[in-house]
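Please look through the sequence and the structure shown below before reading on. The paragraphs that follow lead from the inside of the protein towards its rings, its strands and a few details of the backbone.

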Amino acid sequence: MLRQTLRPVTRCAYTTASIAVQRAQSTTSKSAIKNIPVAAASATLAPTHLSNTQYPRSLQALHLKPLKREAEYGIPSCDLQIRSYSLQPLEFFSDFALRAAYYLGLPAFGPVPLPRITQRWTVPKSHFIFKKAQENFERRTYRRLIQIKDGRPETVQLWLAYLRKHQYYGIGMKANMWEFSELGVGKQMEALNDKVENLESAFSHLGQVKDIGTQQKVEELLASRKFKETVGLVEPPTRIREAQSQN
């Protein structure tokens, strides 16, 4: 009887002793971690292959605002208006357009929020006499403006073509471009007119512009052998008409 009563007591004493040891170890580990500096703790906890990696600047720039170039003269060359029915794709594509302009060397300004366009429609729910049961619909169009200054026309066209190629869903674009030329544009236009006149003389040998000639040449053409073979006539059509008129 004594042995049976003593066994559970010894087990309880052993379990309580083990719990006390575990608590002491946990407290010592916590105190040791508290005494370690933050930088040393992060260095010990972080893997070595992640701490040594250095991401490229192009990847780091995705988490920052898009870079912009400064305009030297401030002459506008293109106004790009971006439209959408929701804000999320509009903000995303305007950010994409600014980054593309920076890497193409174009000074871009914006995006400037424009007044939104609100359209409403009232439509009857059913037909015939139930006109009082109507339903209202509303559509909001959000807009952003990006302006390019001091840009060459070729570079601006390349930028617009790149945006058109990678156009995001639910996005509409409208661009106004300005091109500036040198003095003496009138002389260049006169030179173009002279070139057009020279082209007319060069294309005068074509059948659409070529003059057929007099009536005698027309009769010779109709009486030719090639014309007879293509049409299937034995006699020329002029003689056939004369014979029909005599009869």
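In this predicted model, the largest nonpolar core is made of 19 residues, and those with the most contacts inside it are Ile82, Ile146, Ile148 and Trp159. Two or more residues of this core come from each of the elements β1 (76–84), α5 (87–103), β3 (134–149) and α6 (153–165), and the element that gives the most is α5, with 6 residues.

How many bridges join β1 to β3, and in which direction do the two strands run? There are 8 bridges between β1 and β3, and the two run antiparallel; within this pairing, Ile82 has Arg144 of β3 as its bridge partner. Strand β1 is also joined to strand β4 (residues 172–177), this time by 6 bridges and again in an antiparallel arrangement, with Leu80 standing opposite Ala175 in β4.

Gln81 lies in strand β1, and because its relative accessible area is 14%, which is under 20%, Gln81 counts as buried. Its side chain is joined to the side chain of Arg83 by a polar contact of 2.7 Å. If residues up to four places away in sequence are not counted, Gln81 touches Leu114, Arg143, Arg144, Leu145, Gly172, Met173 and Lys174.

The aromatic rings come next. A pair of aromatic rings is described by the distance of the centres and the angle of the planes. The structure holds 5 aromatic pairs, and one of them is formed by Tyr102 and Tyr103, whose ring centres are 5.4 Å apart and whose planes stand at 75°, so this pair is edge-to-face. Tyr102 has a relative accessibility of 21% and therefore counts as partly exposed, whereas Tyr103, with a relative accessible area of 58%, is exposed. For Tyr168 and Tyr169 the ring centres are 4.5 Å apart and the planes are at 35°, so this pair is tilted. In this pair Tyr168, at 29% relative accessibility, counts as partly exposed, while Tyr169, at 60%, counts as exposed. Tyr168 and Tyr169 also belong, together with Phe92, to one aromatic cluster.

Charged side chains are found over some of the rings. The charged end of Arg69 sits over the ring of Tyr102, at 4.4 Å from its centre, and Lys149 lies over the face of Phe109, at 4.8 Å from the ring centre.

Strand β2 (residues 108–124) is the place of Val123, a residue that counts as partly exposed because its relative accessibility is 38%. How many residues apart in sequence are Val123 and Asn136, and what is the distance between them in space? The two are 13 residues apart in sequence, and their C-alpha atoms are 6.4 Å apart in space. Leaving out residues up to four places away in sequence, Val123 touches Gln134, Glu135 and Phe137. Strand β2 also contains Pro111, and the peptide bond that joins Gly110 and Pro111 is cis, with omega about 0°.

The protein chain has 10 helices and 4 strands, and from the N terminus on its elements follow the order α-α-α-α-β-α-β-β-α-β-α-α-α-α. Of the 247 residues in the protein chain, 15% are buried. Among contacts between residues at least 6 apart in sequence, 74% join residues at least 24 apart.

Notes
Residues numbered from 1 in each chain as written. Predicted model: local features only at pLDDT ≥ 70, side-chain atom pairs only at ≥ 80, totals over all residues. Heavy atoms only, no water. Core = buried A, V, L, I, M, F, W, Y, C linked by side-chain atoms within 4.5 Å. Buried < 20%, exposed > 50% of the residue type's maximum accessible area, 1.4 Å probe, protein only. Pairing = 2+ DSSP bridges. Phe/Tyr/Trp six-rings, centres within 6.5 Å; stacked < 30°, edge-to-face > 60°. Lys NZ or Arg CZ within 6 Å of the ring centre and 35° of its normal. Polar contact = N/O pair within 3.5 Å; in protein donor to acceptor, adjacent residues only side chain to side chain. Contact = heavy atoms within 4.5 Å.
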